[in-house]
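Here is a short note for a colleague who is new to this structure. Please read the points with the model open beside them.

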Amino acid sequence: MRFMILIKATKDSETGVLPSTELLTEMGKYNEELVKAGILLAGEGLHPSAKGARVKFSGGKRTVIDGPFAETKELIAGFWLWQVKSKEEAIEWVKRCPDPMPGTESEIEIRQVFESEDFAPSDPTGELMEKERQLRERTESKGR
Amino acid sequence: MTASATQRAIDAIWRIESARLIAGLARLVRDVGLAEELAQDALVAALERWPESGIPDNPGAWLMATAKHRAVDLFRRNKRLERKHEELGLELEAQQARTVPELDAALDDDVGDDLLRLMFTACHPVLSTEARVALTLRLLGGLTTGEIARAFLVPEPTVAQRIVRAKRTLSEAHVPFEVPRGAELEARLSSVLQVIYLVFNEGYSATAGDDWVRPALCEDALRLGRILAGLVPKEPEVHGLVALMELQASRLRARVGPSGEPVLLLDQNRGRWDQLLIRRGLAALERAEALGGARGPYTSQAAIAACHARARTPAETDWMRIAALYEALVQLVPSPVVELNRAVAVSMAFGPAAGLEIVDALLSERSLEDYHLLPSVRGDLLVKLGRLDEARAEFERAASLTHNERERKLLLDRARASSRTST
C-alpha cells in the first residue's frame with residue numbers, strides 16, 4: 001500500500017528560510033536510505049504558500065485566492081510517496097527521519113493513498129461492465 | 001500502546017530491519033541459516049520484552065546486540081556446533097572482546113555489501129529454483145513462512161521444509177558468504193534477477209489458483225529489485241529488470257475487471273494505468289540503456305513494455321518497433337515462448353496470416369505442448385482470419401491446459417463466442 005508523507009510547514013519554511021547544509025546532507029542520506037530500502041516512489045519540497053494560489057469552489061462559482069495563507073500549521077512544505085506494507089511501517093520510517101524543521105516544533109503527517117479496490121463500491125456497473133462485455137465479444141490477441 | 005499495536009509495530013520493524021540484521025549476522029557467523037535463527041531469536045526476545053518495556057529508540061541496534069549476544073552464547077555452549085566452534089568461536093569471542101561500538105561501526109559500514117552477499121547466497125545455484133525463491137523472500141523480503149506459502153499456494157510445511165533444506169544445503173556445500181567476482185558475477189547475478197522476476201510474475205499472472213493477479217507479490221518483487229538496483233547501480237540488466245517490472249506493474253489495476261476476470265492489454269482502460277510507475281519504468285529503462293544494456297534480455301523486454309506504455313490508445317501502438325524488438329530478443333534468447341510473443345507482434349504489424357505462419361511453425365515444439373498460450377494465440381489469429389470452428393477448438397484446448405480459474409473461464413467464453421458467430 002502507498003502512503004503520502006506530508007511535512008507540515010513552519011514559520012521558517014513559509015518565509016522561505018532554506019534548510020542548512022547540515023540538514024540537507026542529513027535529508028540526502030535519509031532519502032538514500034529510503035531508495036535503498038525500495039520504498040520511495042516520489043518526493044518533493046514545496047515553495048512557500050506565498051508563491052501558490054487557491055481556487056475556491058462554491059456552487060458554480062470559482063474564486064482565485066493568491067497565497068500566502070495564514071494557517072501555517074495546516075500547510076505543506078514537502079511530501080514523499082512511499083510504498084510499504086502497513087501504516088506501522090510508514091510510522092517506523094518517519095520516526096527515523098531527521099528533524100525536518102530544527103529549532104522549532106514541527107509535524108509529519110502520514111496518510112494512506114486510495115487504491116483502486118477502495119473505489120469498488122462507487123463503480124458498481126457502468127464502464128467496467130461494458131469492458132467485460134467487450135472482452136467477451138472481441139478476441140484481440142493476448143499480450144502483456 | 002496496546003498489545004496488538006506493539007505487535008504490529010514489531011512486525012513493521014522486522015520488515016525494515018530483518019534483512020540487514022540477517023546479513024550482518026551472516027558475515028559474523030559465516031552461515032546464513034544460523035544467522036537467520038539468531039535473528040529470529042532476537043525477534044522472539046523483542047516480542048517478549050517490548051510490550052512491557054516499550055520499543056527502544058533504536059530497535060535495529062537492540063535486535064543486533066541481542067542477536068550477537070545469542071551468537072556468542074551459542075558458540076560457547078552448543079555442542080552440536082562444536083566443529084563451528086573450533087572454526088569460529090575464538091574469532092567471535094575475540095570480536096566480542098573488542099568494543100561494541102567498533103563492531104557496530106564495522107557492521108554499519110558494510111551494510112550494503114552484506115545485503116548483496118545475502119542476495120547472492122540466497123540465490124546460489126546449488127539450490128533449486130523453488131528454494132531460491134523461498135529463501136530470498138524469507139531472508140530479504142522479511143516474509144513469514146505462512147506468507148510465502150499463501151503467495152505460492154503451497155502448504156506451509158512444504159515451504160518450511162524447503163527453507164530448512166535450503167539452509168542445510170548452503171551450509172553443507174560450504175557456500176561462501178560473498179559477492180562473486182569476474183565472470184562468475186554475471187552468471188550469479190542473472191540467477192538473482194531470475195528469482196526476483198519469478199516472484200513478480202507469480203504475482204502478475206498467477207499460474208494457479210482463483211486470482212488472476214496478486215499485487216502484494218508484485219510489490220515484494222519490485223521492492224527487491226529496487227533494493228538490488230541500489231546495491232549494484234552499474235549493472236544495466238538490474239535497471240532493465242526494474243524497468244520491466246515498473247512498467248508491467250503500472251497496468252496491474254487495469255488488468256482485472258470488476259469480478260476479478262483478466263482484462264487483456266488492448267482492452268485495458270489506459271486511464272487506469274499508473275503514470276507514476278510508467279515514469280519510473282521509463283527512467284529505469286533509460287538508465288539501463290545508458291549503461292549499455294540495450295541488448296540485455298530484461299532491458300529488451302522493458303523496451304517492448306515501454307512501447308505499450310507510450311501509446312495513449314491501442315491504435316497508437318508502434319507494432320513495427322515491437323516486432324523488431326522481439327526479432328532481436330529471439331536472437332538474444334532463443335525461446336519458443338518469445339517466438340510466440342513475436343508472432344503476436346508480427347500479426348499486429350503485418351496481419352494475422354503472417355502471425356499464424358510463425359505460430360504454426362511452433363506447433364511441433366515439444367516444450368510448448370502443454371502451454372495454454374499457444375492454442376490461445378492461435379485461436380485469436382484464426383478468429384481474425386474467419387476460421388471460427390478451428391478457433392473454437394483452440395480456445396477449448398487452451399482452457400483445458402491453464403491452471404488459473406479466471407483464465408479458464410475467459411477462454412471458454414471465447415470458445416463459446418466463436419461458435420456463436422459461426423452458426
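1. Leu356(B) counts as buried, because its relative accessibility is 5% (buried means under 20% relative accessible area, exposed over 50%, partly exposed in between, with a 1.4 Å probe and protein chains only). Leu356(B) sits in helix α17 (residues 352–361) of chain B. Helices here are DSSP runs of H or I with at least four residues, strands are E runs of at least two, and both are numbered from the N terminus.

2. What does Leu356(B) touch, leaving out residues up to four places away in sequence? Its partners are Arg378(B), Leu381(B), Leu382(B), Leu385(B) and Arg387(B). Contact means heavy atoms within 4.5 Å. Leu228(B) is elsewhere: its C-alpha is 40 Å from that of Leu356(B), and 128 residues separate the two in sequence.

3. A word on the basis. This is a predicted model, in which local features need pLDDT of at least 70 and side-chain atom pairs count only at pLDDT 80 or more, while totals for chains, interfaces and linings use all residues. Residues are numbered from 1 along each chain as its sequence is written, chains are lettered from A and ligands numbered from 1 in the order in which they are written, and side-chain values use heavy atoms, with hydrogens and water left out.

4. Now the interface. On chain B, 52 residues are in contact with 36 residues of chain A. About 4100 Å² is buried between the two chains, and carbon and sulfur atoms give 51% of this. Buried area is the accessible area (1.4 Å probe) that two parts lose on being put together, summed over both.

5. How many salt bridges cross the interface of chain B and chain A? The rule finds five. It asks for a side-chain nitrogen of Lys or Arg within 4 Å of a carboxyl oxygen of Asp or Glu. Arg2(A) forms a salt bridge with Asp274(B), with the closest N and O atoms 2.8 Å apart. Several helices of chain B each supply at least two residues to the side that touches chain A, among them α1 (3–29), α10 (182–204) and α13 (275–290). The largest share, eight residues, comes from α1(B).

6. Finally, the aromatics. Over all chains there are six aromatic pairs. Trp50(B) and Trp62(B) pair edge-to-face, because their ring centres are 5.1 Å apart and their planes at 65 degrees. Rings of Phe, Tyr and Trp (its six-membered ring) pair if their centres lie within 6.5 Å; planes under 30 degrees apart count as stacked, over 60 as edge-to-face and the rest as tilted. Trp50(B) is buried, at 1% relative accessibility. One aromatic cluster is formed by Tyr197(B), Phe200(B), Tyr204(B) and Tyr298(B).
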